[in-house]
Amino acid sequence: MFNDGLFASACAKTGVSREEEILQWLVIRQKSYHYSVKKVALEALTGWRFNDEFGDLVHKSGKFFSIRGIEFRTSGDIEQSWQQPIIDQPEIGVLGFIAKKIGGVLHLLVQAKMEPGNVNMVQLSPTVQATRSNYTMVHGGKKPLYIEYFLGDKRPLVLYDQLQSEQGTRYFKKRNRNIIVEIPEESLFETTSDFTWMTIGQLQLLTRYDNLIHLDCRSILGGLSYGVADSELRVKSVGIGCGARIFDSMICDLNAGEYSHAQILSWLTGVKFSLEAKCGFIPLRDVEGWMRDGGRIRHRDNKYLSVVGVSVEAESREVSNWSQPLVKSNDGGIIGLVCQMRGGILHALVQALAEPGLIDIVELAPTVQCTPENYSDDIPAYVELVRGEGVGRNVVFDSTLSEEGGRFFHSQQCHRIVEIDADQTIALKGNYCWMTLRQLQECGRYNTHLNIEMRSILCCISPLISE
């Protein structure tokens with residue numbers, strides 16, 4: 001199925017506002033409210049406590065989320081075992097865009113949203129970004145603006161609607177509803193000064209700026225499946241160089257790649273079938289190698305992640321002040337996608353990656369998804385293809401982008417897309433596969449197929465890229 005409105009929007013680098021106007025508007029929004037985020041000890045967080053039974057960090061309401069311990073074991077071809085703290089948030093949240101055609105081109109309603117863990121405090125976010133606890137107002141504050149467009153009351157046209165996973169090493173079986181709904185072009189729709197209209201192409205191009213486009217935007221847009229474009233829209237494409245190769249890979253036949261789509265789905269099913277994995281909760285106080293120290297939770301070797309506390313003041317939010325824990329990842333994370341022309345079509349090297357917090361354990365992930373500094377040896381495969389230098393490789397995209405700031409504190413990862421020469425030979429590992437961009441985007445139509453890191457970097461691949 002092809003949605004020409006979504007794809008035409010992805011190919012539109014201009015909208016009702018120019019890029020420089022959007023950047024200027026965002027600066028104004030950042031300066032329009034008072035924001036304050038201060039680190040505090042976990043023990044001093046208002047409304048939070050370590051429970052007596054397991055030592056888990058929980059909210060007094062029993063809602064929002066908690067920090068618990070898990071143990072993860074795999075056997076079979078890959079044997080591994082570890083324990084760690086993880087976010088337990090069983091609620092399904094809403095990540096949604098309201099869309100509307102303006103001048104015949106589909107635009108998305110984008111919010112300048114503050115989150116306490118954002119590096120730059122305010123980022124471009126979806127129209128609505130709310131947990132169930134938020135929109136049922138457990139916090140005692142206001143209901144999120146425009147939530148009624150996603151909960152059935154307004155019943156607009158649905159363009160995209162999937163339950164997608166969150167970070168599988170940070171959340172336990174967490175999913176959010178990623179949704180885009182379209183309202184009629186002629187409808188009267190009033191917005192506040194914290195919202196603006198942008199095309200999909202504009203959002204994708206703005207991923208070039210560090211920490212500007214929120215992860216929840218990237219999650220939704222990176223999961224879109226456009227299908228095959230008609231010949232008229234193909235002629236209108238402005239992609240050149242690498243952009244043209246990206247465009248062709250996006251609209252090629254579903255079975256035109258090195259492997260058919262059915263073969264790829266069978267390969268992914270086979271990886272899941274062969275993996276024997278168990279993941280379950282254990283008391284946070286018993287998690288091996290982790291400790292409460294100096295008002296935070298950390299690993300004894302200061303690797304992987306830590307859990308810190310913050311006290312927040314934010315005039316623009318539904319509640320103007322609160323405190324909460326946030327997860328801070330180690331610096332140096334890499335999300336990398338290696339691409340190569342194979343059989344005349346651009347392919348991406350994709351891995352089937354097992355993560356403890358995923359509902360189905362295994363999802364499709366980028367070529368590289370790791371923090372190399374966390375490894376003393378056995379660094380994951382293909383890292384040097386992404387972060388190395390030399391001939392035979394072209395860096396198509398390189399930007400530092402944040403994880404969402406509602407649960408993560410100043411957590412950033414390098415997003416890098418590298419195209420290697422067509423004649424370069426790579427030894428392929430069993431849990432890796434070459435896929436066209438069309439095949440990858442098609443997987444976005446299914447729940448629990450593309451992990452959030454894959455959707456994040458797919459958002460950065462635009463047919464508007466040029467060499």
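Predicted model: local features only at pLDDT ≥ 70, side-chain atom pairs only at ≥ 80, totals over all residues.
Visitor: What describes a pair of aromatic rings?
Guide: The distance of the centres and the angle of the planes.

Visitor: OK, take Y33 and Y35. How far apart are the ring centres, and at what angle are the planes?
Guide: The centres are 6.2 Å apart and the planes are at 50°, so the pair is tilted.

Visitor: And is Y33 buried or partly exposed?
Guide: Y33 is partly exposed, because its relative accessible area is 24% and the cut-off for buried is under 20%. Y35 has 15% relative accessibility, so Y35 counts as buried.

Visitor: What about Y146 and F189?
Guide: Their ring centres lie 5.2 Å apart with the planes at 35°, so this pair is tilted. The two residues are 43 residues apart in the chain. Y146 is in the loop between α3 and β10, while F189 is in the loop between β11 and β12.

Visitor: Are those two buried or exposed?
Guide: Y146 counts as buried, at 9% relative accessibility. F189 also counts as buried, at 15%.

Visitor: Which residues are in a cluster with them?
Guide: Ring pairs link Y146 and F189 with Y149, F195 and W197.

Visitor: New topic, charges. Where does R68 lie?
Guide: R68 lies over the face of F281, 3.6 Å from the ring centre.

Visitor: And the charged end of R292, where does that sit?
Guide: Over the ring of F50, at 3.6 Å from its centre.

Terms used
Residues numbered from 1 in each chain as written. Heavy atoms only, no water. Phe/Tyr/Trp six-rings, centres within 6.5 Å; stacked < 30°, edge-to-face > 60°. Buried < 20%, exposed > 50% of the residue type's maximum accessible area, 1.4 Å probe, protein only. Helix = DSSP H or I, 4+ residues; strand = E, 2+ residues; numbered from the N terminus. Lys NZ or Arg CZ within 6 Å of the ring centre and 35° of its normal.
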